[in-house]
Amino acid sequence: MTDALQQALDLVEELDQIRRTTRIQSEYGGLASEGSEGGPYDWQAEWHNYGADNPERAIIAGNRTGKTRSAAAEVALHLTGLYPDWWKGRRFDEPTSWIVAGPTNELTRDVCQYALLGGMMEGTKVPDGEGWIPKHCIGNVDFRQCGVQNVVDTVKVKHVSGKWSDLAFKSYEQGNVKFQGVSRHGVWLDEEPTDHAIFTECQTRTLDKNGLILFTRTPLFGMSDIVRHFMDGGPGIYYATATWQDSPHLNEHERDRLLMSYPEHERATRAKGVPLMGSGGVYNVPDEEITCEPFEVPAYFRRICGIDFGIDHPAAAAWIAYDADSDVIYLTDAYRKSNETAVYHAAAIRGRGDWIPVSWPHDGMIRDKGGGKALKDQYEEHGLNMLPFSARYDDEKGGGQAREPITMEILERMRTGRFKVFNHLTEWFEEKRMLHRKDGKIVAERDDMESATRYAVMMLRYAQSEGDMYYDMPDRVDTSDYDPLDEFSR
């Protein structure tokens with residue numbers, strides 16, 4: 001072999017090594033929405049960034065939507081410290097210790113271990129570095145004797161500090177005892193543990209380090225305890241959902257073919273991550289029955305916008321157009337945004353038509369602690385055509401309104417073809433699919449756009465067509481019945 005040929009081969013090997021060791025930078029260095037090829041989608045980046053304030057996060061989504069990719073990438077980032085510039089999620093400035101687990105030794109190896117380390121180089125027990133952890137960061141690897149080949153037990157991972165992080169692989173078939181022991185910075189559970197005690201044990205392992213719990217699941221077996229834990233929500237708990245429509249990497253023709261090959265009762269779960277909730281779902285109507293193609297709204301349709309102020313959750317708005325002749329409501333647009341001020345939200349809402357009446361909930365009378373001005377008045381000052389009193393069934397009875405009557409009206413309209421939704425409103429459909437009941441009551445979590453929709457439908461009698469700006473209502477708001485702690489405030 002000539003020196004020139006050897007140099008060429010060495011260069012090829014070096015370039016290949018660079019490619020293998022920079023997957024985090026090349027695939028997660030930029031966002032897909034900003035033109036980065038292979039970068040995370042918006043829903044994935046949002047899920048990562050919510051980790052700053054939510055130590056328990058789940059992705060409850062359809063098959064092949066990118067659940068494993070998202071969780072594996074995040075685990076690798078925390079182990080190595082190689083955070084991308086766009087990252088606003090949780091950061092550790094020290095080496096970390098993680099548990100990663102799946103249902104069986106074989107599945108943990110084939111899914112989680114492969115996603116993080118890649119496969120084994122031919123004839124060796126050395127990871128090839130095709131996973132999310134760069135090859136040059138993979139240190140000592142110990143294997144577990146469990147009757148399945150190449151099952152990794154523990155791995156040392158080089159952190160940017162120069163010290164070493166610890167990664168341990170486990171399976172649910174080992175039992176909850178194997179999850180006991182030392183504290184961890186994080187745990188990634190892929191699919192449902194066979195024993196709920198495994199989940200609570202993992203919560204305990206992360207407690208003193210204020211660590212993270214990541215859970216990825218396609219809920220084929222319905223509303224399990226852990227799925228419900230995340231969907232019911234609470235402080236520090238967040239979940240994302242994704243459908244095949246949110247996953248441009250899937251071939252559309254093959255996706256549609258495969259969907260039709262599944263049993264009908266599995267299709268919503270496989271493609272959309274919808275738990276098989278049965279009577280637990282609030283709007284038990286298939287998306288396809290209420291979806292319609294967007295169209296230019298005729299001038300004679302009556303319009304109204306509903307808003308949810310987002311005092312301790314994202315602010316949201318929903319626009320409906322009402323065809324009085326056929327008694328059909330069309331949801332034409334929806335908006336949801338976190339961590340912004342009234343002026344930002346008002347500008348976004350005003351841009352859809354500043355003449356459209358805006359229906360708002362009774363918590364709009366809460367006054368700003370700084371200027372002492374009610375939220376409703378702030379939005380009005382920024383140019384919104386706010387209705388003079390809060391959403392209510394009866395003009396004379398304000399304050400908190402019971403949720404069930406308007407929810408049942410919308411459900412009945414869905415069932416009878418009198419409530420249609422423009423098919424591009426994917427975030428609204430996400431809320432609709434996941435809205436559910438617990439002990440008979442609707443769980444008021446992740447329902448911001450749905451709430452805005454209810455407020456709009458509740459005040460449908462004041463919807464207006466463009467140019468018709470007369471309101472047969474009092475000029476003043478009666479706040480004597482306002483109770484900010486009312487149980488029906490959302």
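## Salt bridges and helix packing in a predicted model

The structure holds 26 salt bridges, a salt bridge being a side-chain nitrogen of Lys or Arg within 4 Å of a carboxyl oxygen of Asp or Glu. This is a predicted model, in which local features need pLDDT of at least 70 and side-chain atom pairs count only at pLDDT 80 or more, while totals for chains, interfaces and linings use all residues. Residues are numbered from 1 along each chain as its sequence is written, and side-chain values use heavy atoms, with hydrogens and water left out.

### Salt bridges

Side chains of opposite charge can pair when their charged atoms come close.

| Pair | N to O distance |
|---|---|
| D153 and R144 | 3.1 Å |
| R336 and E427 | 3.5 Å |
| R403 and E450 | 2.8 Å |

Accessibility is classed by relative accessible area: buried is under 20%, exposed is over 50%, and partly exposed lies in between (1.4 Å probe, protein chains only). In the pair formed by D153 and R144, D153 is partly exposed at 25%, whereas R144 is buried at 15%.

R336 and E427 also form a salt bridge. R336 belongs to strand 12 (residues 328-337) and E427 to helix 14 (residues 426-434), so the pair ties together parts that are 91 residues apart in sequence. Helices (H or I, at least four residues) and strands (E, at least two) are DSSP runs, numbered from the N terminus. R336 is buried, with a relative accessibility of 17%, and E427 is partly exposed at 34%.

For the salt bridge between R403 and E450, the partners again lie in distant parts of the chain, 47 residues apart: R403 is in the loop between strand 14 (385-386) and helix 13 (404-415), and E450 is in helix 15 (residues 448-458). R403 is buried at 10% relative accessibility, and E450 is buried at 2%.

### Helix 13 and helix 15

Two packed helices are described by the angle between their axes and the distance between the axes. Helix 13 packs on helix 15 at an angle of about 90 degrees, with the axes 10 Å apart. Axes are lines fitted to C-alpha atoms, for helices over the stretch in contact, and angles run from 0 to 180 degrees between N-to-C directions. Helix 13 is therefore roughly perpendicular to helix 15, a class that covers 65 to 115 degrees; angles under 35 degrees count as roughly parallel, over 145 as roughly antiparallel, and the rest as oblique.

The contact (heavy atoms within 4.5 Å) involves I406, T407, E409 and I410 of helix 13 together with E450, R454, V457 and M458 of helix 15. These residues divide into 4 nonpolar, 1 polar and 3 charged. Here Ala, Val, Leu, Ile, Met, Phe, Trp, Tyr, Cys and Pro count as nonpolar, Asp, Glu, Lys and Arg as charged, and the others, Gly among them, as polar.

### Helix 3 and helix 4

The axes of helix 3 (residues 42-49) and helix 4 (residues 67-80) cross at roughly 40 degrees and come within 11 Å, which means that helix 3 is oblique to helix 4. On the helix 3 side the contact comprises W43, Q44, W47 and H48, which meet R69, S70, A71 and E74 of helix 4. By class, the residues of this contact are 3 nonpolar, 3 polar and 2 charged.

Q44 is found in helix 3 and is buried at 1% relative accessibility. Leaving aside residues up to four places away in sequence, Q44 touches T65, G66, R69 and S70.
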